[in-house]
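Please look over the chain below before reading on. The paragraphs that follow go through it part by part.

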Amino acid sequence: MIRRWLVAAVIIAQVPTLLPVGAFRIEPGDSKVEFVMRDNRGGFTGTTDRVEGPATVRRTDANLYEATIDARIDARTLTTGVGLRDGQMRRDFLQTDKFPFITFKGAASVPELAAAGTIHTRLRGSLTIRDVTREVDLPIEITALADEYRASGEVTIRLTDFGIPIPKFLIFVAEDPVLVKLRVKLRRST
C-alpha cells in the first residue's frame, strides 16, 4: 500500500505544473505599494492600496511563460500618517494635481521548469512618476494559484532620477534613495 502511494507521488511530482494563462487584473484593495523614505530623523513610510491594471500571462513557443503588466498607482491616495506631510508630498513633490497616477509597464519571463512552487524572476519595465519615465529592474517572487497570482518585490529608486527634489524642511532632510515595496494580487479577468 505504501509503495503504491510512493509511486503515485513520484508520478505526480514528475508531471509539469502549468501556470494559469490568460487575462488577469490587479486587485485594488488586495494589492499594496509602500515607499520607505529615510531621513535624518528616522524616516517614514507611505502606502496605498489603490493599485490597478491589466496583466496577461501566456505560454510561448519556446517553453516559456511570459507576463506583461500595465499597473497604475493612484498617487493621490498615498498616505504617510501625517496629513501635513501628505499634502506637501502630493502638492510639491508628486504634483498629483497634474500627474495623479504613477504607472509601470513591464514584462517577466519564467521557464516552464520553474513554474512549480514559488517563482523567482525579474520584472523589467518603464516606471513613470510625474512626467519622467525610467527603466527599472524589479526582482519579484510569484506564487501561482488556480485563478490568481500573488507577487511581491522591492526596488530602490532615486527621486532625482524622476526630477523630484529631495524633501527638506527646517532640520528635516530626506535621503534620495527610496525603497519601494509592492505586494500585488492578480485575479483572472471574467
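Along strand 2 (residues 32-39) the side chains alternate between two faces. Buried here means under 20% relative accessible area, exposed means over 50%, and partly exposed is in between, with a 1.4 Å probe and protein chains only. Helices (H or I, at least four residues) and strands (E, at least two) are DSSP runs, numbered from the N terminus.

This is a predicted model, in which local features need pLDDT of at least 70 and side-chain atom pairs count only at pLDDT 80 or more, while totals for chains, interfaces and linings use all residues. Residues are numbered from 1 along each chain as its sequence is written, and side-chain values use heavy atoms, with hydrogens and water left out.

Strand 2 pairs with strand 3 (residues 44-48) in the antiparallel sense, over five bridges. Two strands count as paired if DSSP finds at least two bridges between them. Phe35 has Gly46 as its bridge partner in strand 3. The hairpin of these strands has four residues between them, and there Gly42 takes a positive phi near 115 degrees. Strand 2 also pairs with strand 11, again in the antiparallel sense, over seven bridges.

What does the whole chain contain in terms of helices and strands? There are two helices and 11 strands, and along the sequence they follow the pattern α-β-β-β-β-β-α-β-β-β-β-β-β. Of the 190 residues in the chain, 37% are buried. Contact means heavy atoms within 4.5 Å. Among the contacts with a separation of 6 or more, 59% are between residues 24 or more positions apart.

Thr80 lies in the loop between strand 5 (64-74) and helix 2 (83-93). Is this residue buried or exposed? Thr80 counts as buried, at 12% relative accessibility. Its side chain makes a polar contact with the side chain of Arg85 at 2.9 Å, and another, of 2.5 Å, with the side chain of Asp86. A polar contact is a pair of N or O atoms within 3.5 Å; within protein, one must be able to donate a hydrogen and the other to accept it, and residues adjacent in sequence count only if both atoms are side-chain atoms. Leaving out residues up to four places away in sequence, Thr80 touches Phe35, Phe44, Thr45, Gly46, Arg85, Asp86 and Met89.

Further along, strand 7 (residues 118-129) and strand 8 (residues 132-144) pair in the antiparallel sense over 12 bridges. Leu123 stands opposite Leu138 in strand 8. Two residues lie between the strands of this hairpin, where Arg130 takes a positive phi near 60 degrees. Strand 8 then runs antiparallel to strand 9 (residues 148-158), joined to it by five bridges, and this hairpin has three residues between its strands.

Gly153 lies in strand 9 and is the bridge partner of Ile140. Gly153 is buried, with a relative accessible area of 14%. Its C-alpha atom is separated by 5.9 Å from that of Pro139, 14 residues apart along the chain.

The next topic is charge. Side chains of opposite charge can pair when their charged atoms come close. A salt bridge is a side-chain nitrogen of Lys or Arg within 4 Å of a carboxyl oxygen of Asp or Glu, and a search of the whole structure finds 14 of them. One of these joins the side chains of Arg122 and Asp137 (2.9 Å, N to O). Arg122 lies in strand 7 and Asp137 in strand 8, so the pair ties together parts that are 15 residues apart in sequence. Arg188 and Asp147 also meet in a salt bridge through their side chains (2.9 Å, N to O). Here Arg188 belongs to strand 11 and Asp147 to the loop between strand 8 and strand 9, so parts 41 residues apart in sequence are tied together.

The side chains of Glu148 and Arg150 form a further salt bridge (2.8 Å, N to O). Glu148 is buried, with a relative accessible area of 11%, whereas Arg150 counts as partly exposed at 42%. Both belong to a network of salt bridges that links Glu27, Glu148, Arg150 and Arg187.
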